[in-house]
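Please walk me through this structure, one feature at a time.

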Amino acid sequence: MSANRILSGMRPTGSLHLGHYHGVIKNWVELQHSHECFFMVADWHALTTNFDDVSIIGKSIDEMVIDWLASGVDPEKSTVFVQSKVPQHAELHLALSMVTPLSWLERVPTYKDQMEKLSHKDLTTYGFLGYPLLQAADILVYKAGLVPVGEDQVPHIELTREVARRFNHMFGREPNFEELARAAVKKIGKAGKDFDRLRTAYLQDGDAGALEKAREILAASQNLGAADRERLHGWLENKGKTILPECEAKLTAASKMPGLDGQKMSKSYGNTITMREAPETVSKKIRGMPTDPARVRRTDPGTPSLCPVWQLHEVYSDGETKEWVKAGCTSAGIGCLDCKQPVIDAVVREQQPMFERAEKYLANPKLVAEILADGNARAEKVARETMNDVRAAMGLGY
């Protein structure tokens with residue numbers, strides 16, 4: 001496992017909006033400077049709910065990737081790829097489906113929630129039931145240590161951990177596992193005796209501190225290959241070889257980006273500003289936003305907290321501007337259009353660099369194709385190594 005490796009993705013189902021930017025992509029741009037990042041166009045996932053209209057998927061991929069690049073995602077620092085172009089995702093999903101209990105999928109909280117929210121669609125398919133398992137395969141095929149998610153997605157990460165744990169328990173014991181583990185300890189050198197002592201302290205006394213110190217010895221050892229390192233991680237906790245390491249959820253701040261009507265920004269609510277919206281359209285949309293119903297006339301005082309525009313000020317305005325809005329609104333010293341102008345200016349200012357970065361990709365679409373081809377190849381190289389281990393463990397290594 002690479003503890004510093006991150007896997008995240010988005011479904012290509014239409015134009016991205018500022019909710020996507022503030023909720024997900026802005027975080028990606030920061031993470032790519034400190035982590036090994038894999039950013040995935042999740043087109044298989046798009047089919048779980050959009051199989052009845054597949055035309056939108058192909059049309060959305062390039063536009064979505066351009067939005068990522070326009071936001072500052074750097075293909076030199078991150079691996080940007082298309083899920084379906086790396087066949088190991090589907091293969092690991094199939095392999096995991098052989099050993100994952102049906103009840104585990106049925107109890108995922110978002111399953112019933114999405115069934116209710118999307119009741120107008122036919123979601124009585126295995127693809128929809130199994131999408132958390134496909135998500136698990138996406139993560140495990142890269143042995144990602146961290147997955148950025150909001151709180152609502154934490155159950156999916158826990159399922160991924162349970163699936164990995166079950167797989168390792170079932171297939172991680174090689175016939176000569178103990179012999180190979182003891183041979184690997186000798187490769188550590190002088191620290192091998194400390195490792196043995198710490199392992200005993202953990203297994204006999206449950207000493208969590210000993211477990212951490214033993215892990216530190218493994219991390220510091222320069223003489224271990226990847227297979228021996230994984231073997232010793234499993235042996236340390238009296239498990240088998242760790243074929244699919246358990247990931248951790250990296251909780252991200254919930255997006256505070258409200259829509260034009262004060263609800264969460266969402267395509268289904270029709271209240272979005274797209275990431276590369278023309279400035280005149282941004283102005284028209286924000287100027288047309290509803291405000292505090294109490295302000296019928298220009299001279300009526302209002303309450304900022306009851307106005308959807310105030311929520312945008314919370315995202316975009318500095319303290320001085322917000323104080324100006326509060327004072328002007330509650331005293332009827334400013335009109336609603338006056339209040340909206342700083343938000344319009346801030347959104348247009350935020351989007352300007354996105355237009356500039358997007359320009360070269362719009363002018364030369366081949367650049368996007370080259371970035372994805374390179375990313376697909378880099379992703380498949382990592383995924384292929386994982387699947388070699390999985391096939392061997394499941395008796396398919398012939």
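Predicted model: local features only at pLDDT ≥ 70, side-chain atom pairs only at ≥ 80, totals over all residues.

Q: How many helices and strands does the protein chain have?
A: Helices (H or I, at least four residues) and strands (E, at least two) are DSSP runs, numbered from the N terminus. The protein chain has 18 helices and five strands. Its C-alpha atoms fill a box of roughly 85 × 45 × 45 Å, taken along the principal axes.

Q: What share of the 398 residues is buried?
A: Buried means under 20% relative accessible area, exposed over 50%, and partly exposed in between (1.4 Å probe, protein chains only). Buried residues make up 48% of the chain.

Q: Which domains make up the protein chain?
A: Domain bounds come from an automatic or database domain assignment. The chain is divided into domain 1 (3-169 + 244-254 + 364-392), domain 2 (174-235) and domain 3 (275-360). The centres of domain 1 and domain 3, taken over C-alpha atoms, are 35 Å apart. Their contact (heavy atoms within 4.5 Å) takes 15 residues from domain 1 and 12 residues from domain 3.

Q: Which residues have the most contacts inside the largest nonpolar core?
A: In soluble globular proteins, nonpolar side chains tend to be buried together. A nonpolar core is a set of buried Ala, Val, Leu, Ile, Met, Phe, Trp, Tyr and Cys residues joined through side-chain atoms within 4.5 Å. The largest one here has 42 residues, and Phe81, Leu92, Leu96, Tyr142, Leu244 and Val390 have the most contacts inside it. Elements that each supply at least two of its residues include strand E2 (36-41), helix H8 (131-140) and helix H18 (366-393). H8 gives the most, with six residues.

Q: What is phenylalanine 81 in contact with?
A: Leaving aside neighbours within four places in sequence, the partners of phenylalanine 81 include Phe38, Phe39, Met40, Val41, Tyr142 and Leu372.

Q: Why is helix H2 described as largely enclosed?
A: Six of the eight residues of helix H2 (residues 43-50) are buried, so the rest of the structure largely encloses this helix. The buried ones are Asp43, His45, Ala46, Thr48, Thr49 and Asn50. Their cover includes E2, helix H3 (55-71), strand E3 (78-82), H7 and H8.

Q: What lines the largest cavity?
A: Rolling a probe the size of a water molecule over the atoms shows where empty space is left. On a 1 Å grid over the protein atoms alone, a cavity is a set of points where a 1.4 Å probe fits but cannot get out; lining residues have an atom within 4 Å of a point. Grid points are joined across faces, edges and corners, and a volume is the space filled by probe spheres set on the points. The search finds one cavity of 30 Å³ or more, and the largest cavity holds about 80 Å³. Its lining includes Thr291, Asp292, Arg295, Trp310 and Cys336.

Q: Where is leucine 367?
A: Leucine 367 is in helix H18. This leucine is partly exposed, with a relative accessible area of 26%. Beyond neighbours within four places in sequence, leucine 367 is in contact with Lys360 and Tyr361.

Notes:
Residues numbered from 1 in each chain as written. Heavy atoms only, no water. 1 Å grid on protein atoms, 1.4 Å probe; cavity = no way out; pocket = protein on both sides within 12 Å on 5 of 7 lines; lining within 4 Å.
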